[in-house]
Amino acid sequence: MPGKRLPSLLSPARLRFAAARARQYAALKVRDPSIRWWQLTPSNPAMSRYAEALMPARDPVLAEMEALGEERRFPLIGPEVGRLLHQLALMIGARRVFELGSGFGYSAVWFARALPEGGEVHCTDGDPANARLAEGLLARAGVAEKVRFHVGDALEALAAVPGEFDIVFNDVDKHAYPDVVRAALPRLRPGGLLISDNTLWHGRVLGGGADDAETRGVLDHNRLLFADDAAVFTTLLPLRDGVTVALKR
């Protein structure tokens, strides 16, 4: 969709990165069979597991989606970030959410369950197979009536849907993160939130050289938000792989 588009996923840089992550996961799994795919973060995986162990058990549909993500090595936000999204939506009384990059709907379940009757979550993904899979999962999660799924480019879908949003959630291909800042902020109401996942980018933001488009995209995104303190109040939470929350003034 940018977000999770097939060409980007098959780029040489992404393939090398995915292969390195798979090797890291395999090595950690030998030492600790309880580790889950989404716990590969710059922080200590044991800390992630500690935080996750404090949470109430997920319902069967979320548990199934987590197992599916594990099986497919699909980059879910995981339950820690899911609870954060749910909480933020509750805190600001959100009614309209637009997701830029939704996969098969895991984050949408967390958002939709926080919205009142008549609320809406707009999901986007470039793969029709993800949309088809999400349809059944969202129905069984009891939130299908709140979700609208757009297949194609995420930013084009955002431009095509009228009105302001309370939350825009950003989880597209990382090279497009600066474009998201420019496109999303004008679409938020005052007091609305732009929430971006993976803003520590597996620690690659610390590498200095930024020799690939994805890392440069995350770095530029972070700089853009923190540089405009008059327009947005931004915090980068070191939760999982980094979650940036920008409040539109």
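In what order do the seven strands of the open sheet stand? In this predicted model, the order is β3-β2-β1-β4-β5-β7-β6, and the pairing is mixed. The edges are taken by β3 (147-151) and β6, each of which has a single partner strand, so that one side of each is left without a neighbour in the sheet. Averaged over the sheet and with direction ignored, neighbouring strands are turned by 15° against each other.

Parallel pairing is found between strand β1 (residues 96-100) and strand β2 (residues 120-125), which are joined by three bridges; here Phe 98 stands opposite His 122 in β2. Helix α9 (residues 177-184) packs on the sheet, where it touches β1, β4 (165-170) and β5, and its direction makes about 170° with that of β5.

Strand β7 (residues 243-248) pairs in the antiparallel sense with strand β5 (residues 188-197) over five bridges, and also in the antiparallel sense with strand β6 (residues 232-237), over six bridges. The strands β6 and β7 form a hairpin with five residues between them, and Arg 240, in the turn, has a positive phi of about 55°. Five of the six residues of β7 are buried, so this strand is largely enclosed by the rest of the structure.

Helix α10 lies across β4, β5, β6 and β7 and runs at about 135° to β6. Asn 222 is found in this helix, which spans residues 213-227, and with a relative accessible area of 10% this residue is buried, because the value is under 20%.

On the α4 side the contact is made by Val 61, Glu 64, Met 65, Leu 68 and Arg 72, and on the α7 side by Leu 133, Leu 137 and Arg 140. By class, this contact has five nonpolar and three charged residues, with no polar residues.

Key
Residues are numbered from 1 along each chain as its sequence is written. This is a predicted model: local features need pLDDT of at least 70, side-chain atom pairs count only at pLDDT 80 or more; totals for chains, interfaces and linings use all residues. Side-chain values use heavy atoms; hydrogens and water are left out. Contact means heavy atoms within 4.5 Å. Helices (H or I, at least four residues) and strands (E, at least two) are DSSP runs, numbered from the N terminus. Ala, Val, Leu, Ile, Met, Phe, Trp, Tyr, Cys and Pro count as nonpolar, Asp, Glu, Lys and Arg as charged, and the others, Gly among them, as polar. Buried means under 20% relative accessible area, exposed over 50%, partly exposed in between (1.4 Å probe, protein chains only). Two strands pair if DSSP finds at least two bridges between them. Axes are lines fitted to C-alpha atoms, for helices over the stretch in contact, and angles run from 0 to 180 degrees between N-to-C directions.
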